[in-house]
Amino acid sequence: MLIEERKYKNLRYVIYIPNKGVEKTNKVILQLHGTGARGNDIQLIKNIKMFEYASSTNGEFPYVIVSPQCFADSWFDIFEQLQDFVKYVKEEYRAEEYFIAGYSMGAYTSWQLIQTMPEMFKKAILCCGGGAYW
């Protein structure tokens, strides 16, 4: 099991890779956090419950988890950068299936990503976030 910090352009992110590795997992979860994890303290991302749960399985949780950190006031302020990051994740990890998970601000943004990139995500796990007002 590997949990480490990485960077893609302006976005810092945390990645969990199960024991069997990226190439054998073939499933990636893009995890978008809520407002409480914004900023530059990457430890806030590492403390997300999904990482805690994955860690508790001793590397047996069967998905790669990728979680970028929003450095702006909201994901919508950097939405084009986030879309670029999603494309990067798809190219970098070449998984068979991509899922999206988000809560609060991350759930709102997940809905927007699903609408703008519908071919990308197989399923979504969203909590406490609505759709865009328009």
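Val66 touches Tyr13, Val14, Ile15, Val28, Ile29, Leu30, Gln31, Phe85, Val89 and Tyr93, leaving aside residues up to four places away in sequence. Contact means heavy atoms within 4.5 Å. This is a predicted model, where local features need pLDDT of at least 70, side-chain atom pairs count only at pLDDT 80 or more, and totals for chains, interfaces and linings use all residues. Residues are numbered from 1 along each chain as its sequence is written, and side-chain values use heavy atoms, without hydrogens and water.

**Cores**
- The largest nonpolar core has 30 residues, of which Val66, Phe85, Tyr93 and Leu113 touch the most other members.
- Strands S2 (11–17), S3, S4 (64–68) and S5 and helices H4 and H5 each supply at least two residues of this core.
- H4 gives the most, with seven residues.
- A second, separate core of 14 residues includes Tyr16, Ile45, Phe51 and Ile65.
- A nonpolar core is a set of buried Ala, Val, Leu, Ile, Met, Phe, Trp, Tyr and Cys residues joined through side-chain atoms within 4.5 Å; buried means under 20% relative accessible area with a 1.4 Å probe, protein chains only.

**Helix H5**
- H5 (residues 105–116) has twelve residues. Helices (H or I, at least four residues) and strands (E, at least two) are DSSP runs, numbered from the N terminus.
- Its buried residues are Met105, Gly106, Ala107, Thr109, Ser110, Gln112 and Leu113.
- They pack against S3 (27–32), H4 (79–93), S5 (97–103) and S6 (123–127).

**H4 against H5**
- Phe79, Leu82, Gln83 and Val86 of H4 meet Thr109, Gln112, Leu113 and Thr116 of H5.

Methods
Expected span 1.5 Å × (residues − 1). Buried < 20%, exposed > 50% of the residue type's maximum accessible area, 1.4 Å probe, protein only.
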